[in-house]
Amino acid sequence: LGEIWRGSIQAVPRGQTGAAHALGLNYVSRMRDVVLPQAMRISVAPTVGFMVQIIKGTSLAAIIGFVELSR
């Protein structure tokens, strides 16, 4: 999950950060107002897919564990 978020932050074009810097925004304001809203749009689909895979994998492991215990 961390890699998804790191990759989405890095996927925001450098020009966006440079423009925010040219406006005089400090690092926290650049991240909060410019970079993170764009990164959220990029990372929503992979994050949902990752969470679905975790849920599916967990339920599959529970079913396999139940079958093995009941035999």
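Let me begin with a definition: buried means under 20% relative accessible area, exposed means over 50%, and partly exposed lies in between, with a 1.4 Å probe and protein chains only. By that rule Asp33 is partly exposed, because its relative accessibility is 45%. Keep those words in mind.

Now, what are we looking at? This is a predicted model, where local features need pLDDT of at least 70, side-chain atom pairs count only at pLDDT 80 or more, and totals for chains, interfaces and linings use all residues. Residues are numbered from 1 along each chain as its sequence is written, and side-chain values use heavy atoms, with hydrogens and water left out.

The overall picture comes next. The protein chain has 3 helices and 0 strands. Helices (H or I, at least four residues) and strands (E, at least two) are DSSP runs, numbered from the N terminus. Along the sequence the pattern reads α-α-α. Of the 71 residues, 15% are buried. The chain exposes about 5,500 Å², and carbon and sulfur atoms supply 68% of that. Those areas come from the Shrake-Rupley method with a 1.4 Å probe; for residues, only the protein chains shown count as cover.

On to contacts, meaning heavy atoms within 4.5 Å. Take the contacts with a separation of 6 or more: 65% of them join residues 24 or more positions apart. Thr47 gives us an example to look at. Thr47 sits in helix α3. Thr47 counts as buried because its relative accessible area is 17%. Which residues does Thr47 touch, leaving aside neighbours within four places in sequence? They are Leu1, Ile4 and Trp5.

Together with Phe50, Met51, Ile54 and Ile55, Leu1 makes a nonpolar patch of about 450 Å². Patches take residues with over 30% relative accessible area and no salt bridge; like charges are joined within 9 Å, nonpolar side chains (Val, Leu, Ile, Met, Phe, Trp, Tyr) within 5 Å. Phe50 lies in helix α3, residues 27-70. At 33% relative accessibility, Phe50 is partly exposed.

Last, charges. Side chains of opposite charge can pair when their charged atoms come close. A salt bridge needs a side-chain nitrogen of Lys or Arg within 4 Å of a carboxyl oxygen of Asp or Glu. How many are there by this rule? The count is 2.

One joins Glu3 and Arg6, at 2.7 Å from N to O. Both sit in helix α1, residues 2-11, and are 3 residues apart, about one turn of the helix. Glu3 is exposed at 55%, while Arg6 is partly exposed at 40%. Another pairs Arg32 with Asp33, with the closest N and O atoms 3.3 Å apart.
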